[in-house]
Amino acid sequence: MMYSPSPTSNSSTVSNGSALGGQLPQQIFTRREVIPPHNDVIWRIEYGAVRTLTWSEDGTFITLGYWGLGDLIGYPLSKVKPYQIECLTGVEVSIVPPYLWHQDINALLSHIQQAEDLLSIVHRKPISLRLWQFLVWLSEKFGRDIDKGKLIDLNVTHQDIAEVLNTTRVTVTRLLQQLEQEGTVLRHKRRIILRFPNKLIKNYSSAVC
């Protein structure tokens with residue numbers, strides 16, 4: 001049996017081939033749309049980016065992860081309550097039913113590893129190092145090389161970053177301005193460019209420490 005949740009008002013369902021073989025149903029979501037909860041479905045991202053998040057009793061958002069092409073996401077992968085999957089761009093996902101989960105073990109392991117990577121970054125001190133390493137993490141996951149450096153091809157706001165790093169939007173803005181003044185970061189159409197080549201990233205991180 002194929003699992004094919006009913007699309008929300010702004011989404012549509014299509015069918016396409018998959019790395020798992022055969023035909024799996026796919027669903028398309030728009031930016032800022034929430035992927036509906038289904039406890040027996042894991043979604044594999046074929047296009048776009050999402051973030052998983054929860055929130056505290058006072059309504060403060062807590063980002064749990066950023067996910068892109070090839071990543072597996074879904075409510076069965078977390079015991080956090082509440083739990084939400086928000087689309088950061090237009091997103092296309094394949095719907096992977098339980099009887100096929102074992103075939104995507106590498107992607108499941110990658111999910112765990114990425115979650116731990118982000119958790120380790122969130123606890124780095126000082127906050128300037130935390131921000132820098134998060135930008136590096138984003139550049140490795142969503143970046144592409146351009147003439148001026150590495151472009152993070154994802155529109156993340158200062159508030160989005162603050163929610164990930166457990167700090168304030170004002171602090172993120174101030175630190176990004178400092179990085180711009182140092183020439184480490186450029187801004188281009190609401191995108192961030194890291195100017196340091198990959199081979200210098202670790203050296204820079206050590207210097208910040």
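The side chain of Asp104 makes a polar contact with the side chain of Arg44 at 3.4 Å, a polar contact being a pair of N or O atoms within 3.5 Å in which, within protein, one atom must be able to donate a hydrogen and the other to accept it, and in which residues adjacent in sequence count only if both atoms are side-chain atoms. The model is predicted, so that local features need pLDDT of at least 70 and side-chain atom pairs count only at pLDDT 80 or more, whereas totals for chains, interfaces and linings use all residues. Residues are numbered from 1 along each chain as its sequence is written, and side-chain values use heavy atoms, with hydrogens and water left out.

Asp104 lies in the loop between β8 (91–96) and α1. Asp104 is buried, with a relative accessible area of 14%; buried denotes under 20% relative accessible area, exposed over 50%, and partly exposed the range in between (1.4 Å probe, protein chains only). Strand β3 (residues 42–47) and β8 run antiparallel and are joined by five bridges; two strands are taken as paired if DSSP finds at least two bridges between them. β3 also pairs with strand β6 (residues 72–73), in the antiparallel sense and over two bridges, and Trp43 has Ile73 of β6 as its bridge partner.

In total, the chain has five helices and twelve strands, where helices (H or I, at least four residues) and strands (E, at least two) are DSSP runs numbered from the N terminus. Of its 209 residues, 45% count as buried. Among contacts between residues at least 6 apart in sequence, 63% join residues at least 24 apart, contact meaning heavy atoms within 4.5 Å.

Three strands form an open sheet with antiparallel pairing, in the order β5-β4-β7. Because β5 and β7 stand at the edges with a single partner strand each, one side of each is left without a neighbour in the sheet. Neighbouring strands of this sheet are turned by 30° against each other on average, direction ignored; axes are lines fitted to C-alpha atoms, for helices over the stretch in contact, and angles run from 0 to 180 degrees between N-to-C directions. Strand β4 is largely enclosed by the rest of the structure, because five of its six residues are buried. β4 pairs with β5 over six bridges in the antiparallel sense, and Thr52 stands opposite Gly65 in β5. The hairpin of β4 and β5 has five residues between the strands, and Gly59 there takes a positive phi near 90°. On the other pairing, four bridges join β4 to strand β7 (residues 84–87), again antiparallel. Arg51 stands opposite Glu86 in β7, while the bridge partner of Leu53 in β7 is Gln84. Helix α3 packs on this sheet, touching β4 and β5, and its direction makes about 100° with that of β5.

Helix α3 (residues 158–165) is mostly covered, with six of its eight residues buried. The buried residues are Asp160, Ile161, Ala162, Glu163, Val164 and Leu165. Their cover includes β4 (50–55), β5 (61–67), α1, α2, α4 (169–182) and β12. Just after α3, Asn166 takes a positive phi of about 60°.

A further open sheet has four strands in the order β9-β10-β12-β11, with antiparallel pairing. Its edges are formed by β9 (143–146) and β11 (185–188), each with a single partner strand, so one side of each is left without a neighbour in the sheet. The twist from one strand to the next averages 30°. β11 and strand β12 (residues 191–194) pair in the antiparallel sense over four bridges, with Ile193 of β12 as the bridge partner of Leu186. Helix α2 (residues 127–142) lies across β9, β10 (149–152), β11 and β12, and runs at about 85° to β10.

Helix α2 also packs with helix α1 (residues 105–122), at an angle of about 155° and with the axes 9 Å apart. The two helices α1 and α2 are therefore roughly antiparallel to each other; angles under 35 degrees count as roughly parallel, over 145 as roughly antiparallel, 65 to 115 as roughly perpendicular and the rest as oblique. Gln114, Asp117, Leu118, Ile121 and Val122 of α1 make the contact with Arg130, Gln133, Phe134, Trp137 and Lys141 of α2. By class, this contact of α1 with α2 has five nonpolar, two polar and three charged residues, where Ala, Val, Leu, Ile, Met, Phe, Trp, Tyr, Cys and Pro count as nonpolar, Asp, Glu, Lys and Arg as charged, and the others, Gly among them, as polar.
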